[in-house]
Amino acid sequence: MQTTVRAPIAFAGVGLHSGRNARLTIRPAGAEHGIWFKRTDIRLGDTMVPAIWDAVDRSPLCTRIRNAAGVEVQTIEHVMAALAGCGVHNALVEIDGPEVPILDGSAAPFVRGILSRGLRSLNAPVRALEVLEPVTVQTDNGWARLSPGQGLTMDFHISFADAAIGTQEKALNLSNGTFVRELSDSRTFCRRADVDAMRAQGLALGGTYDNAVVVEGDEVLSPGGLRHADEAVRHKMLDALGDLALAGRPIIGHYEGYKAGHAMTNLLLHALFRNPAAFRLVEVAGDARARLPGVGIQPEEIPAVA
Ligand SMILES: [Zn+2]
């Protein structure tokens with residue numbers, strides 16, 4: 001059955017890029033509602049922004065959605081990953097500013113909040129998007145592909161000049177709470193060399209060594225070091241789950257990302273929806289249900305992080 005959160009869950013903090021503080025509340029919603037954001041700081045006009053692939057204003061560093069009235073919410077990917085990874089299909093996410101709080105740079109605080117309140121089952125079956133044919137997008141930077149598969153599985157490859165990241169590869173089956181256990185606490189990362197460039201463009205204004213892993217050469221500058229030796233590729237997989245959630249429903253298929261990022265995953269969804277033969281909607285029942293992310297996780301399975 002579809003789910004929503006059992007009770008409102010509130011978060012507050014600074015936005016990574018805007019540097020602006022915002023309060024965000026995940027509220028229950030009915031079946032077939034999907035995930036919507038609502039800007040509560042804007043009084044006039046349409047303040048509802050759908051968390052859906054064709055509302056994305058593609059930008060390389062974060063995922064930003066915008067409605068027809070031009071109302072935006074940015075850096076939605078980590079809370080979207082938390083919702084998808086916990087199996088929340090319907091929610092109204094109220095926010096009183098333009099950017100989702102970065103919190104600790106991972107999805108763990110959102111996951112902890114969601115699982116502490118628990119989920120409520122709704123009286124409607126889950127309808128998933130089953131991939132029937134491979135769809136690939138390629139750019140100068142890398143490529144991303146969705147192909148048929150059981151449940152949601154993911155392969156990711158990254159390669160950075162800085163030895164602290166280097167080349168990392170990971171493959172995961174995201175069924176049965178894998179997201180919560182393996183990916184949710186991995187933090188966003190960047191190179192020290194990129195910080196000044198981003199700041200000059202008015203980005204990363206809320207970034208600190210406490211809400212992002214900053215690396216320089218073979219050194220991790222953030223205090224406490226890494227949470228996982230391959231934290232960077234885990235975070236890229238977390239981002240990919242959040243960006244794939246903008247399909248509007250769980251995906252049954254195999255995702256591969258080779259140096260992929262937010263913009264490429266969104267291009268991939270555009271390519272998928274352009275080809276009606278590449279997917280179908282299926283009601284998820286029986287054993288197939290256990291292969292969705294978020295089934296069967298318990299709050300005590302969230303990695304204990306500082
Ligand atoms: Zn991220």
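**Close-up views of a predicted model**

View 1. V88 is found in the loop between α1 and β9, the latter comprising residues 91-95, in a model that is predicted. Because 23 C-beta neighbours lie inside 10 Å of V88, this residue counts as buried, the cut-off being 20 or more. Setting aside residues up to four places away in sequence, V88 touches T3, T4, V5, L83, I114 and L119.

**View 2. Helix α1 against helix α2.** Helix α1 (residues 77-85) and helix α2 (residues 108-117) have axes that come within 8 Å and cross at roughly 40°, and the two helices are therefore oblique to each other. The crossing in which α1 passes α2 is right-handed. On the side of α1 the contact is made by H78, V79, A82 and G85, and on the side of α2 by F110, V111 and I114. Sorted by class, the residues of this contact of α1 with α2 are five nonpolar and two polar, with no charged residues.

**View 3. Helix α1 against helix α5.** The axes of α1 and α5 are 7 Å apart, and the helices pack at an angle of about 80°, so α1 and α5 are roughly perpendicular to each other. Here E77, H78, M80, A81, A84 and G85 in α1 meet L238, D239, L241, G242 and D243 in α5. The contact of α1 with α5 divides into five nonpolar, three polar and three charged residues.

**View 4. Helix α5 against helix α6.** Helix α5 (residues 231-244) and helix α6 have axes that come within 9 Å and cross at roughly 35°, and α5 passes α6 in a right-handed crossing. D239, A240, D243 and L244 of α5 make this contact together with H262, T265 and N266 of α6. Two nonpolar, three polar and two charged residues make up the contact of α5 with α6.

**View 5. H262, a position listed in a record.** An unreviewed UniProt entry lists H262 under "active site". In the model, H262 is placed in helix α6, which covers residues 262-274. H262 counts as buried because 22 C-beta neighbours lie inside 10 Å. When neighbours within four places in sequence are left aside, H262 is in contact with P60, C62, T63, E77, D239 and D243. Among these partners, D239 and D243 belong to α5 and also take part in the contact of that helix with α6, while E77 is one of the α1 residues that meet α5.

View 6. Most residues other than glycine have a negative phi. T75, however, has a positive phi of about 60° although it is not a glycine, and it is found in the loop between β8 (72-74) and α1. T75 counts as buried, because 24 C-beta neighbours lie inside 10 Å of this residue. A204 likewise has a positive phi of about 60° without being a glycine, and its place is in the loop between α4 (192-200) and β17 (213-216). With 21 C-beta neighbours inside 10 Å, A204 counts as buried.

Note on methods:
Residues are numbered from 1 along each chain as its sequence is written. This is a predicted model: local features need pLDDT of at least 70, side-chain atom pairs count only at pLDDT 80 or more; totals for chains, interfaces and linings use all residues. UniProt positions are given in the numbering used here, feature names are shortened, and annotations may be inferred rather than shown by experiment. Helices (H or I, at least four residues) and strands (E, at least two) are DSSP runs, numbered from the N terminus. A residue is buried if 20 or more other C-beta atoms lie within 10 Å of its own, exposed if 12 or fewer, and partly exposed in between; C-beta atoms are placed from the backbone. Two residues are in contact if their C-beta atoms, placed from the backbone, lie within 7 Å. Axes are lines fitted to C-alpha atoms, for helices over the stretch in contact, and angles run from 0 to 180 degrees between N-to-C directions. Angles under 35 degrees count as roughly parallel, over 145 as roughly antiparallel, 65 to 115 as roughly perpendicular and the rest as oblique. A crossing is left-handed if the near helix is turned anticlockwise from the far one by less than a right angle, and right-handed if clockwise. Ala, Val, Leu, Ile, Met, Phe, Trp, Tyr, Cys and Pro count as nonpolar, Asp, Glu, Lys and Arg as charged, and the others, Gly among them, as polar.
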